[in-house]
Amino acid sequence: MTGQTAPAARLSLLRAAFVIARRDFLAILLSKAFFFFLLGPIILIAVSGGAGAIGAKAAKNAHPAQLAVAMPTEQAHAFAAAHDRIDPLVSLPAITLVDPVQASDPAALLQRSGENYGAVLTGSLTQPVLTGTEDQIRKWQGEVALLAATASGADQQSFPRVVTESTTTSGAAKKSARAGTATAALTLLFLLTMLLAGMVLSNLVEEKANKIIEVLAASIPMDAVFLGKLFAMLAVSFVGIAVWGGIGLAIMGATGGLTASLPVPAVGWPLFVVLFLLYFAMAYLIIGSVFLAIGAMAPTVRDVQTLSMPATMLQLGVFFLATYASTDLGSPVELAAVIFPPSSPYAMISRAAQVPDLWPHLVALAWQAMWVVLFVRAGSAMFRRRVMKSGPQQSGKRRLFGKVAR
Amino acid sequence: MDAAPSVTPVSENAMRPLAIEARGLVKRFDGTTAVDGVDISVPEGAIYGILGPNGAGKTTTLRMLLGIIDPDEGVRKVFGHSRPHDIGRLIGYLPEERGLYPAMKAVDAIGFLGALRGMPLAEATARGRELLEENGLGHAADKQIRQLSKGMAQTVQLLGTLVHRPRLVVLDEPFSGLDALNQGKLERMIRALAEDGTTVIFSTHVIAHAERLCEGVAIIAGGKVPYAGSVDAARDRIPAQVRLETRAREGAWRAALPADARHEGDYWYFSLPDSGIEPLLRALIEGEAGILSLSIERAGLHDAFVHIAGEAAARALEEGNAAEQDQ
């Protein structure tokens, strides 16, 4: 049976990892369970999207934006009278008469808490000035011209030209919008990582249940097994992201939904998307390697569930840290979030949304990659030390805490 | 039980290079010493058995030899390499706890195991198909592992262990769970491997397999190896047993019987004297004892095991066998 002799050599670490990754990737991709895995978030998005739309509509109906009218008193009353006349015929925005002195800075008036102004009308009936977001201006510009013309008693064929002032072009507004992008990206990154990292754990548990892990450990270094598993799951995750992202983009494209209101991140969209994927990979690999180490330590599925709880809590803590840090760039807390490996990807994607500098990303990615390697090595060493025992099996609790008890 | 561990060279292979050489291997788990100073030398091309009851340290020893775990003390070399993974393509390993991916086809499982050992996947898969055909499992090549019987799945894994044509094959309790027919097939397969020059090392708690197949054994009990060497030398540790049947019950010839002679039924039993059987034969003839039958039986490996490892280890060995047969 063994007439010829195999050449004396071994697989390189990367090639060995590739053998593992190829098997795992194809096995998962071709399984029925993966189809349902893909469906899960789509159903979730659809349900939450529907609920969100209903909620948004309800909120809009409950608290409709108002037009603040800050014209000289007589003209303001004329405007209000015109509004009362026309409103039963045409659906018009609700109006509130405001003292012109209070509206000396319309942008500030719009930002005032406790009010629900969608736009501020200043100037005069013949030269109205409408200040608000681009969306709101686009929506109300015609109505304002109609009301102003009616109020001034002008010929219905000649409407006054409404001067518009968009509030989104200011530096403060841009900064605020980018912070929103940062939070959105950070949250998406967290949700994706949370959703997908657990797969690594279940994969390793399955491997232990199949008892094939010893064959793998005998054939190639455990580092390669761990790396292979991590990258297989990463590839599976990218497939998931591509599918979900594709569906999301298609929905957005069809509805014209969010594209108009998504603020451009500081590094620009193309680079931001690339960085998002890189940081997702890093966040996933870091937490995945932690989960692998847990899977390595736990002798039973029940122990895996118990042990994964602290890791899940760690993920949540990391998310809160990064979210808090994103509002205070350059602070010690933000720096700590950037340095602490599990929170580093989240903190850095937040930076990418708000700061245009690129070199910190190169440094951060190298830093995070180093920690991935360290975590993988520690996990595989732990696996070799703790799992590959033979003889009578101790209970999981005794195994885990026996040393402490002694 | 011998006081000190001993390593007796496998005499016929003493000049052959060593496939495996281990000195003073020690492994502790959570403060418990699982393997305590194991020495093993396995010449290339030998069939070598690691014999001991369950929990004696056989699997841990094999795992250390293969580099799955590292010893806490001692050194191990496989074909002269202290890191077995460096020569992974030369080694095939069948663990005690068999395991394959249930959803994988048999032929793909063999291909995957070959790829793990460095073969191109396509080549390993093609070779896997050949091996399945050669072993009468061609019809199962495209069936999922979960669709195969336990015996067939075990054979598939064994073929996966051999697909890359290793020079050293390590089998952990390979006969466990196999019926008599498949045990016979496996024995023939092991002999064929050795005839091709492959070194085969396997662990077992069934003495008969080691006695039939091995030229060298390591007896392991309680994590220690009280004996490692040739099977012949192990058997020679105990003097041959003589069974004598005489017509006469009494006579002067009885004085010539060794001191340990005991009479049971129609027979006398005693160890073969160091001086040989001839002086006793002479006394029996001259004393007209009337020899009805005389047989000299060399000690079996089981007796050697009891002698070397002790009664307790032998009892544990037998209990393990009985438990397996009950399953």
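Within strand 8 of chain B, Thr204(B) is the bridge partner of Leu51(B). The model is predicted, and local features need pLDDT of at least 70, side-chain atom pairs count only at pLDDT 80 or more, and totals for chains, interfaces and linings use all residues. Residues are numbered from 1 along each chain as its sequence is written, with chains lettered from A and ligands numbered from 1 in the order in which they are written.

Strand 4 (residues 47-51) of chain B is joined by five bridges to strand 8 (residues 199-204) of chain B, and the two run parallel. Strand 4 of chain B also pairs with strand 9 (residues 216-221) of chain B in the parallel sense over four bridges, where Gly49(B) stands opposite Val217(B). Strands are DSSP runs of E of at least two residues, and helices are runs of H or I of at least four, numbered from the N terminus; two strands pair if DSSP finds at least two bridges between them.

In a regular strand the side chains alternate between the two faces of the sheet. Ile47(B), Gly49(B) and Leu51(B) point one way from strand 4 of chain B, and Tyr48(B) and Ile50(B) the other way.

Asp266(B) lies in the loop between strand 12 (262-264) and strand 13 (267-271) of chain B. Asp266(B) is exposed because 12 other C-beta atoms lie within 10 Å.

Note on methods. Buried ≥ 20, exposed ≤ 12 C-beta atoms within 10 Å, placed from the backbone.
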